Amino acid sequence: MHGTMNIVKLFSLSFYTGTSSMYVCCKPDPKYKAKKAKKTQFLPRQNGDLSFTYDILQAFSGSYLAQVTIENEHPLGRLDHWNLTWEWTRGEFINAMRGAYTHKRDSAQCIYGAAGEYYKDLDFSQVMNCEKRPVIADLPRDRAQDEKVGKLPYCCRNGSLLPPLMDQSRAKAVFQLQVFKIPPDVTNRTALYPPQKWHIDGVLNPEYECGAPVRVDPTEFPDPSGLQSVTDAIASWQVVCNITRPKVKQSRCCVSFSAYYNDSVVPCNTCACGCTDEDEDAGTCDQDAPALLLPAEALLVPFANRSEKARAWARLKHREVPKRLPCSDNCGVSLNWHINSDYRSGWTARITLFNWRSDPFEDWFAAVQMKKAYPGYENVYSFNGTRLPFNDTVFFQGLPGLNYLMGETNGSNPKTDPRVPGKQQSVISFSKKNTPGINIRHGDGFPTKVFFNGEECEIPRIFPVGSGGRKAGGNGFLPVLLACVLTFVLMVDRGLH
């Protein structure tokens, strides 16, 4: 008996060659009992949408070397040009960093504080940061091989943290920092305290709510020489963050709805991404008024140039025009979902992305949640499309070479033409085979949630509907056929009389 298996040895002898061989057969040992998992000394690690690990790699009496690891664990979570802040609680300051940097290098708080009294001979002009709440950012890509600040795995990505679904290797970031302590902690090398109140944010990304650091078992690091050994961190803490849903009028992107069977576009909601007090105080727009329906061509026009089109369209459709028009949506990115066609066996939609910002989006992605239409998703023709195995969501990203959403640019004539947004679009096909009873004209073809680069966009509260709610496509020829039959009957009837 050995381990969990019984070993049976069988021997055989070859009469032709005079050689012998041995065969070993194994079968499970019914008396074997698995050992209980070893209890951890500290709390077990938790799962979240985003997690930080604060590892102490080296500890001295007056300082220590720490490594911060950021891991994106949400399939739709993302950060671009991230900024990380925390709060020191015991007067620590950052002497040097590798793989990241702080936005400010003001040493006055050290010189005129407790650190300056203790470190009398230290040249604080070379210190990285003395703020109680430093703002830390990732290094650009060209610093990845820098001998002084680079040379770390997963560093120097210019603040990009992609979902693991897009690229597992780019869902992680690492940087190191040398932290100096002040009395009474300088006399004890084991006096180690992680910073508190962690917060991370990006350019147009989800909002994360982070918990307090929790002491966990030390992180194990593989031997850099390649030997089969591991090195434990001196101490480790974990910070878990989760995505919070944006509040009303606090999103960073918005969605408009349109359809081939209705010539009006339902635009983004008023103040979808917030409105300033100046807008209300000036009395030029109404923050609480519902957005006015628009003609399709108005989607390409910046909001500041839409007023005349909105008024003219309302008069044409015999709708009331308020004295104060609704305020802008104030969103840097908007998406339009358009029902393109509807026929007996399927239907199509067109999604268009508009970037109203001056800076582009590299490696962008969008995701739509469609509770009724998801089972019928077939294909997307200008993007990469992937079914996600949760929440009835389809994930879209640009094809190689088309994954760059340009920023807003000048029109053909900058003096007279408005600025033009960067845009990309694609057609999406759906089958009705797996969605019996779906009614596209009654709104079943519109998404219930839309995400851009991980941020949940605000969607309209209403959607276009067809007149009378009649189904289109395969039954669309019936009214024409009935009209022809009726005309023929009337002609025959007149001829007989």
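I take a contact to mean heavy atoms within 4.5 Å. Among contacts between residues at least 6 apart in sequence, 69% join residues at least 24 apart.

Ground rules. This is a predicted model, where local features need pLDDT of at least 70, side-chain atom pairs count only at pLDDT 80 or more, and totals for chains, interfaces and linings use all residues. Residues are numbered from 1 along each chain as its sequence is written, and side-chain values use heavy atoms, with hydrogens and water left out.

Overall. I find 5 helices and 28 strands; these are DSSP runs numbered from the N terminus, helices being H or I of at least four residues and strands E of at least two. Of the 497 residues, 45% are buried (under 20% relative accessible area, with exposed over 50% and partly exposed in between; 1.4 Å probe, protein chains only).

Strand β3. I looked at residues 50–59. Of these 10 residues, 8 are buried, so β3 is largely enclosed by the rest of the structure. Strands count as paired if DSSP finds at least two bridges between them. β3 runs antiparallel to β4 (residues 63–72) over 9 bridges. The two form a hairpin with 3 residues between them. D55 has Q67 as its bridge partner in β4. β3 also pairs with β15 (residues 235–244), antiparallel over 7 bridges. There, F52 is bridged to V239.

Residue N439. I located N439 in the loop between β26 and β27. N439 is buried because its relative accessibility is 14%. Next I checked polar contacts (N or O atoms within 3.5 Å; within protein, one must be able to donate a hydrogen and the other to accept it, and residues adjacent in sequence count only if both atoms are side-chain atoms). The N439 side chain reaches the backbone nitrogen of R441 at 3.3 Å. The side chains of N439 and H442 make a polar contact of 3.1 Å.

Disulfides. I count 8, taking cysteine sulfur atoms within 2.5 Å as a pair. One of them joins C253 to C457, S to S 2.0 Å. Its torsion is about -95 degrees, so it is left-handed. C253 sits in strand β16 and C457 in the loop between β28 and α5, 204 residues apart. C254 pairs with C268 at 2.2 Å. That torsion is about 80 degrees, so this disulfide is right-handed. C254 lies in β16, and C268 is 14 residues apart from it, in the loop between β17 and α3. C273 and C331 have their sulfur atoms 1.9 Å apart. Both are buried.
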